[in-house]
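Here are a few notes to go with the model, jotted down as I went through it.

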Amino acid sequence: MRILAFLFAIFLLASVDSNGQQYIEPVAGYRADVNSRGVAQFNTGIQYTFKKNSRYEMMVRVQKNWPLKHFSSDSSFSVNPLLPVYAPAYKTKEVKSWDFSFDQRFILNPAGKNHHFSVLLRLGFVSEKIDVSYKYDKSNYTVLNPEETRSKFSLYIGTGFEYMKLIKDNWAFIQLTLDTPPLGKVVSPSSSFMAPLALNVGYSFKIKKMKHGR
Amino acid sequence: MAGKSFLVPIFCCLLLLSGCEKNETKYIADNQTNGLAVFSNTGNNIMTCFINGSPWRTDNRIVGGWGPGSTDLSIFKQYDSSFHYSLVFAWPGNLVNDSADIYLIELHLFVPANFSQTSFDSLQGKRITIDSTTGFFSIANYSLTGNGTIYFNRASYDSAASKSGNAGEFSGLFEANIPGYTITQARFDNDLPKGSIQF
């Protein structure tokens, strides 16, 4: 599967017209996990965009996702008759990840001179590590259904919607995207990974000044 | 006769399918305690513990197939030689690193004579100190008994459950002291199939 994705990416890159308009686009945003309430990240990335025609652009994107600590509690129980049966186990969770993807931008209204709406399709690799730590009386209590620290490197796919507006000579954009977790078998709910819903903003700088831009 | 030859491969396929075994035990390692499964109540069908510091686990629950299968837990009621009615929980298994030693851990919980299937739910949420008045833990193959404490996180059984699969849940924790053997950090999590409680 990974080899197929890699070959697909090579195919896309090979189809790039080096004489076409190219852009470099820094992107930053906030991502929340639709699988797990409260888990979120800040993300920063950069994408290199190749314009194929007025309706279609291809992008290569690298992104680092910075963890925001999420605090919650799980249940823990004791068999020690001198202690309460139940006590909360305080949980801290951080999701660290980076991803590398080949994105496609389908422009819905190419005739628009000052603004565009686009649909995004993404295919890439993500490396994700979920760090989970508990604070509780470990000598007397046992956590019920504990969440484990885990990591995974795999393929993911995603989609999104984007609005671009011309500001001076360049384009600013805002996008809402939804990605799958890294693809693969999920053994239990506590072993699931992040499915990020992201709100990003970015700015598109022309690298090659062509007569006909967006 | 030739017209019925298509029945042969169908019969063979059915015969092969009927031989499929299914392992209904899920072992999810607990990273906090090396050698044990996590404490869960999601129907992983396993009990793990330390016996004198060595990890011990129940046999896998194997269903289907042509063999007799295997179980991770039996629950039954008995009237014992000390004139008590006991609810007996029997966990067959082995030390993880030594298959030829302790192969059955039991809890005998004294119950009233009229304790029935419908009384089983009353255990849920209870923590019970097991001593000579309430019952005993045993390592059955050595006929050794001792005291301890057990906490029932879930204990439910509905014999009238309409679904053909599970009729109940059973999970919790226990610790026990049996002469020569200390059982610590025991955690169990079992689905109870329909018909698994017969009292």
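1. Start with K91(A), which sits in strand 5 (residues 86-107) of chain A. Bear in mind that this is a predicted model. The lysine has a relative accessible area of 9%, so it falls under the 20% cut-off and counts as buried.

2. What does the side chain of K91(A) pair up with? There is a polar contact of 2.8 Å to the side chain of E147(A), and another of 3.4 Å to the side chain of D74(A). Beyond four places in sequence, the residues in contact with K91(A) also include H70(A), F71(A), V132(A) and Y134(A).

3. Over in chain B, take a look at G146(B) in strand 10 (residues 144-157). This glycine is buried too, at 11% relative accessibility. Setting aside neighbours within four places, its contacts are F136(B), F137(B), N177(B) and I178(B). G180(B) is 34 residues away in sequence, with a C-alpha to C-alpha separation of 9.9 Å.

4. Now for backbone angles. Most residues other than glycine have a negative phi. K168(A) is not a glycine, yet its phi is positive, at about 55°. You'll find K168(A) in the loop between strand 8 (150-167) and strand 9 (170-179) of chain A, and it is exposed, with 77% relative accessibility.

5. N45(B) is worth a look as well: its phi is positive, near 55°, and it isn't a glycine either. N45(B) belongs to the loop between strand 1 (21-23) and strand 2 (46-51) of chain B. Buried or exposed? N45(B) is buried, with a relative accessible area of 2%.

Note on methods: Residues are numbered from 1 along each chain as its sequence is written. Chains are lettered from A and ligands numbered from 1 in the order in which they are written. This is a predicted model: local features need pLDDT of at least 70, side-chain atom pairs count only at pLDDT 80 or more; totals for chains, interfaces and linings use all residues. Side-chain values use heavy atoms; hydrogens and water are left out. Helices (H or I, at least four residues) and strands (E, at least two) are DSSP runs, numbered from the N terminus. Buried means under 20% relative accessible area, exposed over 50%, partly exposed in between (1.4 Å probe, protein chains only). A polar contact is a pair of N or O atoms within 3.5 Å; within protein, one must be able to donate a hydrogen and the other to accept it, and residues adjacent in sequence count only if both atoms are side-chain atoms. Contact means heavy atoms within 4.5 Å.
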